Structures are given as structure tokens and as C-alpha cells.
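Please read it alongside the sequence and the coordinates.

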Amino acid sequence: MELKTNLKKIAKSKLSDVDFDNLPFGRVFSDHMLVMTYENGQWDEGIIQPYEALSITPAMMTLHYGQAIFEGMKANKDADGNVLMFRPELNVRRFNKSAERMCMPTVPEDVFLEKLQELLYLDSDWIPRDEGAALYIRPFMFGSDPYIGVKPSKTFHFIIFTCPVGPYYANPVSVYVEDHYVRAVDGGTGFTKAAGNYGGALYPAKLAQEKGYDQVLWTDANEHKYVQEIGTMNVFFVIDDVVITPDLNDCILPGTTRQSVIELFKDQGVKVEERPLSIDEIFEAHKNGKLQDCFGSGTAAAIIPIKSLGTNTEKIELPPVEERTYSKQMKERLIGMKLGKVEDKFNWVRKIAIPQAAGENTSDS
Ligand code: COI
């Protein structure tokens, strides 16, 4: 494969420093990153260069007005060493929806995927082989004008870097049902991966952690009655053998994993409902012994069981994880597909072209 993007290769790979048996999440960064710049109404060719610190001006608009978005994707290897990605086009489309909402330029889908493929080609040795591990891919964009005044930036940087990761959550999580703070409102940016959505959630998450919970389960801003999503993932409940997840609106991130879970359950003949779901209905179902499962879904988190749900007056424990057939089977099916071990009947898995001898067309810096 010939790299089309300009390349400045790292002088010495950091790969041998990495302990692939003990990978944390998000702390180890692969050798290279892609950097593209938007100026005068167009994207440049971009460069793949060593992963390193950026030089920024203190007046850079994003630091002041938060014009920043990101995505999360993963790459794995199958038993033959092929590099696989799971429905990457859905993340690219969501990235561009986030960009539109935040007054930022979109990145053409084919350019995005081609550049990503080149980056994976170059750093394919960084893709972990262990089940539960993956190469996490972090595309992001920010406005880079040096300017004080609230308006959209005219210049932008689009960057993709990658990191080999272990599981985001090592254990099932407990969630606090938020009844005061809000993450998203009708007409807001909750359906995007705008950086500010996460910044604003830090304080409520910290308070929930002080109460002994791992995460916040967001509820609607008007009544705090209907569930929306968990801080780092979408949420599913199984009540009386029906899988229920909040329907998409301005406040809910349209997760690739969420979408896949819905489609796979339907394929298995399970009844799935996307609809408003109230906390009262969930607690009532628990009282009646009908709450069989609850789990979060996301690229980083994969499928993670929720072990308990608490409000400011009540806490319920969910059935033991070993007894939860829905989340367990879905996790196995999804992970199996991503590793090329389970049939991919919907053709969601993309094989990324990685020749054996990476780098033969490159010039060292
Ligand atoms: C992802 O699931 O990839 C995300 O971006 C969530 C993030 C909060 C880690």
C-alpha cells in the first residue's frame, strides 16, 4: 500500500516500552498521529507524524469557547492478523453531525477513512491481540484561530491518534440517578460528541463518586423522570424479556454500539423498544421481580453490566451478573464479531488493508 499522506516517521518506535499484558485505558499512545489543517475554506493534505505535543497559542479560541468535538473507535486483529474495524462509517457520520452542530467544517467520509487506514497501516503493530484489549482510535477537531471574541473559528485542526487499551471498566458499575444536574436539553448539543458535554458532566460525576457510585445516569432536564444515558455510554434495561432503551432525541448520543445492540437483539427475535423510560417504571419492575438486566453500551466501555442503581432515597441491586443472559450474550456476540470469530451476517466488520511489510514506501525523518 502506498501512503498518499505526507509522512514524517518516528525516529525510534516506542513499541518495545509497552507492557501489552497490563494495558491501562488511554495512557499509552502509539507512535504516529494524523494532523490535518483547515484554512481558507479547505482541508490540507495532512501529515502523519510522530505523536507529540502540539504548539498552541494562549489565544486559541477552543481554549476559551470550547469549539471542540471528538470520536471514539476501535481496531482489532483477527486470528490471521487482519486488522478489523467495526462500522467505522457510523462514527465518521456522527463526527460530521457533531461538526455541523458546532459550526465546524466536516471531513469528507472517504478522506477520513482513508487517512485513518493509513495511520493504522503504519502503526498496526500497536494493535493488541488479547481479547478485551483493542487499539482505541481518537479522532478530534478543534478551532485554532488566535482570537478573543465569541464566533466560530476560521481555522481548525483535525487529528487522529491511537492508543492500545485494556478494558475501560474492569468491573460492573454502579450508577447514581441524577435528579438535579443536567447533561443535555432539547435543542442542546447532547446528541453530539462536543467536548463541553463531558466537561460539564465532571462535577455531577464527582459528587456521585463521593456518594459511592461509579457513574451518573442522566435524566431529562424538565422533570428528572425519564432516563437518558450514562456518563460514558448509552443504557439498556431488560424488563420482562423486553429490551428497552431511550429513543434518540437531542439529548442522547446515537451510539454505534447502541445501534448494533438494537439490531442484533432484533435479529435474535428479542423484542426491543426505543421509547421514553421512567425511573419509576424501572424501580417498579425491580419490585415486581421483572428487571432482569441493565447494561451500558459504548465503544470504550463495550457492554458493561450495571450492578446497582441509586437515587437520593433508594438503592436497588440488580441480579448477579452471571445470571444475566441478555448482556452476557450480547457482549460475547459483539466482541466475537469485532475479533472476526463470530459470523458477521450484516457485513459490519471492515478489513483494513495492511500489507505485511509496513513502511516500505515511507521516508524516515
Ligand atoms: C467512547 O465510548 O469511545 C467514548 O468516547 C466515551 C468516552 C467518554 C471514553
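How many residues lie between β16 and β17 in the hairpin they form? There are three residues between these two strands. The model is a predicted one.

**Strand β16 and its partners**
- Strand β16 spans residues 291-298, and seven of its eight residues are buried.
- On one side of the pairing list is strand β13 (residues 234-239), which is antiparallel to β16 and linked to it by six bridges.
- Within that pairing, phenylalanine 236 has phenylalanine 295 of β16 as its bridge partner.
- Strand β17 (residues 302-310) also runs antiparallel to β16, with four bridges between them.
- Glycine 298 is bridged to alanine 302 in β17.
- Alanine 302, a residue of strand β17, has a positive phi, near 60 degrees, and is not a glycine.

**Strand β8 and its partners**
- Strand β8 (residues 134-143) is largely enclosed by the rest of the structure, because eight of its ten residues are buried.
- Strand β9 (residues 156-165) pairs with β8 through ten bridges in the antiparallel sense.
- In that pairing, methionine 141 is opposite phenylalanine 158 of β9.
- Strand β5 (residues 68-70) is antiparallel to β8 and joined to it by three bridges; phenylalanine 70 has phenylalanine 140 in β8 as its bridge partner.
- Strand β6 (residues 73-77) likewise pairs with β8 in the antiparallel sense, over three bridges.
- For lysine 74, the bridge partner in β8 is tyrosine 136.

**Crossing of α6 and α8**
- The axes of helix α6 (residues 256-267) and helix α8 (residues 325-338) approach within 11 Å, with a crossing angle of roughly 110 degrees.
- Angles of 65 to 115 degrees count as roughly perpendicular, so α6 is roughly perpendicular to α8.
- From α6, the residues in contact are Thr257, Ser260, Val261, Leu264, Phe265 and Asp267; those they meet in α8 are Tyr326, Met330, Arg333, Leu334 and Met337.
- By class, the residues of this contact of α6 with α8 are seven nonpolar, two polar and two charged.

**Cysteines**
- The disulfide count is zero, with the rule being a pair of cysteine sulfur atoms within 2.5 Å.
- For cysteine 103, which is in no disulfide, the nearest cysteine sulfur belongs to cysteine 251 and is 19 Å away.
- Cysteine 163 has a relative accessible area of 2%, so this residue is buried.

**Glutamate 89**
- Glutamate 89 is part of helix α2 (residues 88-101).
- Is glutamate 89 buried or exposed? Its relative accessible area is 12%, so glutamate 89 is buried.
- With neighbours within four places in sequence left aside, the contacts of glutamate 89 are Glu109 and Arg350.
- Glutamate 89 and threonine 256 are separated by 167 residues in sequence, while their C-alpha atoms are 9.5 Å apart in space.

**Aspartate 241**
- Aspartate 241 sits in the loop between β13 and β14 (242-245).
- The phi of aspartate 241 is positive, about 65 degrees, although this residue is not a glycine.
- With a relative accessible area of 42%, aspartate 241 is partly exposed.

Key: Residues are numbered from 1 along each chain as its sequence is written. This is a predicted model: local features need pLDDT of at least 70, side-chain atom pairs count only at pLDDT 80 or more; totals for chains, interfaces and linings use all residues. Side-chain values use heavy atoms; hydrogens and water are left out. Buried means under 20% relative accessible area, exposed over 50%, partly exposed in between (1.4 Å probe, protein chains only). Two strands pair if DSSP finds at least two bridges between them. Axes are lines fitted to C-alpha atoms, for helices over the stretch in contact, and angles run from 0 to 180 degrees between N-to-C directions. Angles under 35 degrees count as roughly parallel, over 145 as roughly antiparallel, 65 to 115 as roughly perpendicular and the rest as oblique. Contact means heavy atoms within 4.5 Å. Ala, Val, Leu, Ile, Met, Phe, Trp, Tyr, Cys and Pro count as nonpolar, Asp, Glu, Lys and Arg as charged, and the others, Gly among them, as polar.
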